[in-house]
Amino acid sequence: MTFSEFTTKERGLAAFALALLLLALFGPDVSHLATAPLHAHGHAFVDARAWGLLPNALDVLSNLPFAVFGAAGLLMVKRCALPAPQRVAAAVFFTGLLLTFMGSSYFHWAPDVQGLMLDRMGMGVAFAGVLGLAVAERVSARAARA
């Protein structure tokens, strides 16, 4: 397939993706910026109260809706009559919710920088699913597959 076979919207999306890639590769260097020191409990938003053997209980338990909606969504995606690209993108989104539940629960159990990375990775997968759904609706199914 050549670039000329793309639709106008697909060419626009490809140009936008290329611009973001160039910005990431050649944009301003922000590595010299200082990071804020960690709070005494790891991060200031952590509820440090334990509930039995569960540390930071409310922060850990607040992730349960991600698990519930992720699992329910995956079950519904199996049964719904969506076209394949949308079904895959929806499955990626709901899988991202499950990964967010796991990563965020791990992070809030014992907050540290590595746990924060796991917390954010699940969100990234969920955002990729939402982006795939938006591209499928606004650009094309072929672009969503990519």
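Me: Why does Met 102 count as partly exposed?

Reply: This is a predicted model, and in it Met 102 has a relative accessibility of 48%. Buried would need a value under 20% and exposed one over 50%, so 48% falls in between and Met 102 counts as partly exposed. Met 102 is part of helix H4. Its C-alpha atom is separated by 23 Å from that of Arg 87, 15 residues apart along the chain.

Me: What makes Thr 100 buried?

Reply: Thr 100 has a relative accessible area of 3%. The cut-off is under 20%, so Thr 100 is buried. Thr 100 also sits in helix H4, which covers residues 84-109.

Me: Which residues does Thr 100 touch, not counting those up to four places away in sequence?

Reply: Those are Phe 66, Ser 105, Gly 122 and Met 123.

Me: How do you know that the side chain of Thr 100 has a polar contact with the backbone oxygen of Gly 96?

Reply: A polar atom of the Thr 100 side chain lies 2.7 Å from the Gly 96 backbone oxygen.

Me: Why are H3 and H4 called roughly antiparallel?

Reply: The axis of helix H3 (residues 64-79) and that of H4 cross at roughly 155°. Angles over 145 degrees count as roughly antiparallel, so the pair gets that name. The two axes come within 7 Å, and the crossing is left-handed.

Me: What is the contact of H3 with H4 made of, by class?

Reply: There are 13 nonpolar, 4 polar and 1 charged residues. On the H3 side, the residues include Leu 64, Phe 66, Phe 69 and Leu 74, and they meet a set in H4 that includes Arg 87, Phe 94, Leu 98 and Thr 100. Arg counts as charged, so Arg 87 belongs to that class.

Me: And what makes H4 and H5 roughly antiparallel?

Reply: H4 and helix H5 (residues 113-138) have axes that cross at roughly 165°. That is over 145 degrees, so H4 and H5 are roughly antiparallel to each other. Their axes come within 7 Å, and this crossing is left-handed. The contact of H4 with H5 divides into 17 nonpolar, 9 polar and 1 charged residues.

Me: Gln 86 has a polar side chain by class, so is Gln 86 buried or exposed?

Reply: Gln 86 has a relative accessible area of 18%, and the cut-off for buried is under 20%, so Gln 86 is buried. Gln 86 is found in helix H4. Leaving aside neighbours within four places in sequence, Gln 86 is in contact with Leu 133 and Ala 136.

Me: What about Thr 35: why does that one count as exposed?

Reply: The relative accessibility of Thr 35 is 72%, and exposed means over 50%, so Thr 35 counts as exposed. Thr 35 lies in the loop between H1 and H2. From C-alpha to C-alpha, Thr 35 and Leu 25 are 21 Å apart in space and 10 residues apart in sequence.

Me: How do you know that Asn 56 is buried?

Reply: Asn 56 has a relative accessible area of 8%, under the 20% cut-off, so Asn 56 is buried. Its place is in the loop between helix H1 (8-26) and helix H2 (57-61).

Me: What stands out about the phi of Asn 56?

Reply: Asn 56 has a positive phi of about 50°, although Asn 56 is not a glycine. Most residues other than glycine have a negative phi.

Terms used: Residues numbered from 1 in each chain as written. Predicted model: local features only at pLDDT ≥ 70, side-chain atom pairs only at ≥ 80, totals over all residues. Heavy atoms only, no water. Helix = DSSP H or I, 4+ residues; strand = E, 2+ residues; numbered from the N terminus. Buried < 20%, exposed > 50% of the residue type's maximum accessible area, 1.4 Å probe, protein only. Polar contact = N/O pair within 3.5 Å; in protein donor to acceptor, adjacent residues only side chain to side chain. Contact = heavy atoms within 4.5 Å. Axes fitted to C-alpha atoms, helices over the stretch in contact; angles between N-to-C directions. Parallel < 35°, antiparallel > 145°, perpendicular 65-115°, else oblique. Left-handed = near helix turned anticlockwise from the far one by under 90°.
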